Amino acid sequence: MSTDGPLPMLVAGLTQSKKLIKGGMASSAFIAKDADAKIINQVADLCRANGVPFNNAMTKREIGTMCGIDVDCAVSVILKQLI
């Protein structure tokens, strides 16, 4: 029996990520370094205002791959564990 916890759940996409950050449901965020500057600034400011750490070292392609989707993704979040 494994003692590891459940795998983190990733949510991809700008709109859903913003809702989860605002609602206190995101434990951390990923913002693509090659996203539009307006998106980078908007999400970074939202993360700072809500105390959500973020990483902006990955590309849109890398975030999309990490989320298991076949398209580029500018923003994703890891959901907080509720258990």
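Cysteines, a buried serine and the sheet

A search of this whole predicted model finds zero disulfides.

Trainee: How far is the sulfur of C67 from the closest cysteine sulfur?

Mentor: A disulfide needs two cysteine sulfur atoms within 2.5 Å. For C67 the closest cysteine sulfur belongs to C73, and that pair is too far apart for a bond, the separation being 4.9 Å.

Trainee: Is C47 buried or exposed?

Mentor: A residue counts as buried when its relative accessible area is under 20%. Since the relative accessible area of C47 is 0%, the residue is buried.

Trainee: Where does S28 lie, and is S28 buried or exposed?

Mentor: S28 has its place in strand β2, which covers residues 26-31. Leaving aside neighbours within four places in sequence, S28 is in contact with V52, P53, S76, V77 and I78. Its relative accessibility is 17%, and therefore S28 counts as buried.

Trainee: Which strands are the edge strands of the open sheet?

Mentor: The open sheet has four strands with mixed pairing, in the order β1-β4-β2-β3. Two of these pair on one side only, and so the edge strands are β1 (10-12) and β3 (54-55).

Trainee: Which residue in β4 is the bridge partner of L10?

Mentor: Strand β1 runs antiparallel to β4 (residues 75-79), and three bridges join the two. In β4, the bridge partner of L10 is I78.

Trainee: What angle does the direction of helix α2 make with that of β2?

Mentor: Helix α2, residues 37-50, packs on the sheet and touches β2, β3 and β4. The direction of helix α2 makes with that of β2 an angle of about 160°.

Note on methods
Residues numbered from 1 in each chain as written. Predicted model: local features only at pLDDT ≥ 70, side-chain atom pairs only at ≥ 80, totals over all residues. Heavy atoms only, no water. Buried < 20%, exposed > 50% of the residue type's maximum accessible area, 1.4 Å probe, protein only. Contact = heavy atoms within 4.5 Å. Axes fitted to C-alpha atoms, helices over the stretch in contact; angles between N-to-C directions.
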